[in-house]
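Keep the viewer open as you read, and pick out each residue as it comes up.

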Amino acid sequence: VLFRSVIFAVEMACFAEVFGSVSGIRPTMRLGGAPVRGKPGGRNYQALAMAAVVAVTIVLAGSVVGAIKIPGVARSRSGTPGVMAAGGFTCADHGARATTRVTVAGANRHGAGDDFAAIQDAIDAAARRGGGVVALPAGTFLVSGHLVLRSNVTLRGVGPATVIKAGPGFMSAQGPAGGYPIITTAGASNVTIADLTADQSGGTLSGNVPARLAGYAVEGRDSRDVVINDVHVRNPFTYSIAMVASEDFCIVNSTARAGPSGRYSQLDGIHILDSSSGQVINNVVQSGDDGLVAHTIGAPVHDILYANNKVYGGSADDGFKLAIGSFAVYNIHVEHNDFYGSAAGIGTVYYDGAAGALRNISVSENYIHDLTQGKRFPAVEIGGAVRHGTVENVTMTDNRICATGTVTVQPGPGNAIRGATGC
């Protein structure tokens, strides 16, 4: 007990003397709740180094908890950091179960005309029958509006060769919740989006409009039991794939590739906002900003598995970002991912001085390497030097760290770093 008390006293003295205001990326909040990213400030590397020392001290001092187990989430350990075979992780959710096939009448798959009405009519017809599968063949289908899925309906192509592409009139109106989604679930339950490409035409449309970040290229919104499987987003001018205020979801086997270089900011890859009980697994992300995100604005984010993703983050941003407002982020498991090409591997940011808690965060068997800032920016930084809210039961176990900076966690009950290896 005496030893732990001494360690705690030294830790507090270090924070009081060194940290003060250590700046990372400190966004402000846009009207409507969409974050705006400010310019990164200079990092206090002395403070980060001290944080690393303190984090290691916690481990040496004992009080180390076992690996966090998230209820309801299956885990599969291979013993080797980085991505595994895709079969190592599967969706717990089913999406739409109805199998009746509904024909899309009158669509032109050669990228001529406007196919929005034909596809939406087929979706609505399937819903009236109690559910069904709206099937699209290979081809390019231009849409002037925002496709809205209904409960118990699957929208399915034949793979990447089925392209739903924002057409010339796409920006003339917004989606049901604002913004410019190509496909949204808009309150539906038991839905599936699968085997297609969604092209937001960010290179040809003028996507820099005030509502750009109110809707996302492919989104589950206000929904339950949503599966997004083998969906490929191209040329986005907003987040590529997002879950908003939803629960029981799975984003799997999908790809997100950033839009035209330098034209748009905040091109996050897969963004989970105010949502819970889901999996983000077996995806490939090439982001213009943060690759994967867990983000609170109006509700907690919890019980989510991020596993087996290959993530090339934005060169000035993070591979995985814990973005915290006034609500907690908890029961998050980050396992067997490959993070590279971003400024930092895994990081934390607090919005507008908020103090949401971070609890039960497990980061294990990831491969974090070849970051754009080399060892200047951290491989992993959970919490931060300036204490905003509770950070507890954060464990980092058996990660492989190569050509990157330090691994740190804000001191707190149950926080621990174990078994990190180098190149």
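Thr-154 is a residue of strand β7, which covers residues 153–156. Please keep in mind that this is a predicted model.

**Around Thr-154**
- Thr-154 has a relative accessible area of 2%, and because buried means under 20%, it counts as buried.
- Leaving aside residues up to four places away in sequence, Thr-154 touches Ala-96, Gly-132, Val-133, Val-134 and Thr-192.

**Aromatic pairs**
- How many aromatic pairs does a search of the whole structure find? It turns up 5.
- In the pair of Tyr-306 and Phe-320, the ring centres are 4.7 Å apart and the planes meet at 75°, so the pair is edge-to-face; the cut-off for that label is over 60 degrees.
- Tyr-306 belongs to strand β20 (residues 301–307) and Phe-320 to strand β22 (residues 318–324), so their pairing ties together parts 14 residues apart in sequence.

**An aromatic cluster**
- Tyr-180, Phe-237 and Tyr-264 come together as one aromatic cluster.

**A charge over a ring**
- Which residue lies over the face of Tyr-330? That is Arg-359, at 5.1 Å from the ring centre.

Conventions. Residues numbered from 1 in each chain as written. Predicted model: local features only at pLDDT ≥ 70, side-chain atom pairs only at ≥ 80, totals over all residues. Heavy atoms only, no water. Phe/Tyr/Trp six-rings, centres within 6.5 Å; stacked < 30°, edge-to-face > 60°. Helix = DSSP H or I, 4+ residues; strand = E, 2+ residues; numbered from the N terminus. Lys NZ or Arg CZ within 6 Å of the ring centre and 35° of its normal. Buried < 20%, exposed > 50% of the residue type's maximum accessible area, 1.4 Å probe, protein only. Contact = heavy atoms within 4.5 Å.
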